[in-house]
Every structure is written in C-alpha cells, then in structure tokens.
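Dear colleague,

Please find below the structure that I am handing over to you. My notes on its salt bridges follow.

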Amino acid sequence: MANTIKVKLVKGLIGTRETHRATVRGLGLGRVNSVRELEDTPAVRGMINKVSYLVKVVS
C-alpha cells in the first residue's frame with residue numbers, strides 16, 4: 001500500500017459553504033468524528049488544505 005493519510009472530521013458542516021461541504025463529501029467523510037484513510041496525493045492534500053478548519057490529520 002502506498003503512503004496514506006488518516007483524516008478525521010472534527011467540526012460539523014452546518015453553516016459552511018456548499019463547495020466546502022462537497023469537498024468533505026469528496027474526502028469520504030460524513031459525520032463528525034468519522035475517519036478515512038486516504039492515499040497521500042497532491043489532490044487529497046489540496047482538499048484537506050481547503051477544509052483545514054473542519055478536518056484534522058490523525059496519525
């Protein structure tokens with residue numbers, strides 16, 4: 001398996017921009033405290049950077 005990143009949704013999506021909600025869905029996160037292990041690519045890093053106030057990278 002290639003390098004991976006674990007991403008956790010730490011804040012709710014109510015009151016956020018629609019594009020940011022779509023980005024969180026694109027990362028595969030649904031509910032608060034949901035965690036996904038994603039491939040470490042520039043595209044995924046850009047998505048994480050865009051919604052950095054909503055997600056957290058966990059080890």
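In which helix do Arg-21 and Glu-18 both lie, and how many residues apart are they? Both lie in helix α1, which covers residues 18-26, and they are three residues apart, about one turn of the helix. Helices are DSSP runs of H or I with at least four residues, strands are runs of E with at least two, and both are numbered from the N terminus.

Please note that this is a predicted model, in which local features need pLDDT of at least 70 and side-chain atom pairs count only at pLDDT 80 or more, while totals for chains, interfaces and linings use all residues. Residues are numbered from 1 along each chain as its sequence is written, and side-chain values use heavy atoms, with hydrogens and water left out.

The whole structure holds three salt bridges; the term means a side-chain nitrogen of Lys or Arg within 4 Å of a carboxyl oxygen of Asp or Glu. Arg-21 is joined to Glu-18 in this way, at 3.2 Å from N to O. Glu-18 also forms a salt bridge with Arg-25, with the closest N and O atoms 3.4 Å apart.

Another salt bridge joins Arg-45 and Asp-40, at 2.7 Å from N to O.

As to accessibility, Arg-21 is partly exposed at 27% relative accessible area, and so is Glu-18 at 45%. Arg-45, at 48%, and Asp-40, at 29%, are likewise partly exposed. This term lies between buried (under 20% relative accessible area) and exposed (over 50%), using a 1.4 Å probe and protein chains only.

Yours sincerely
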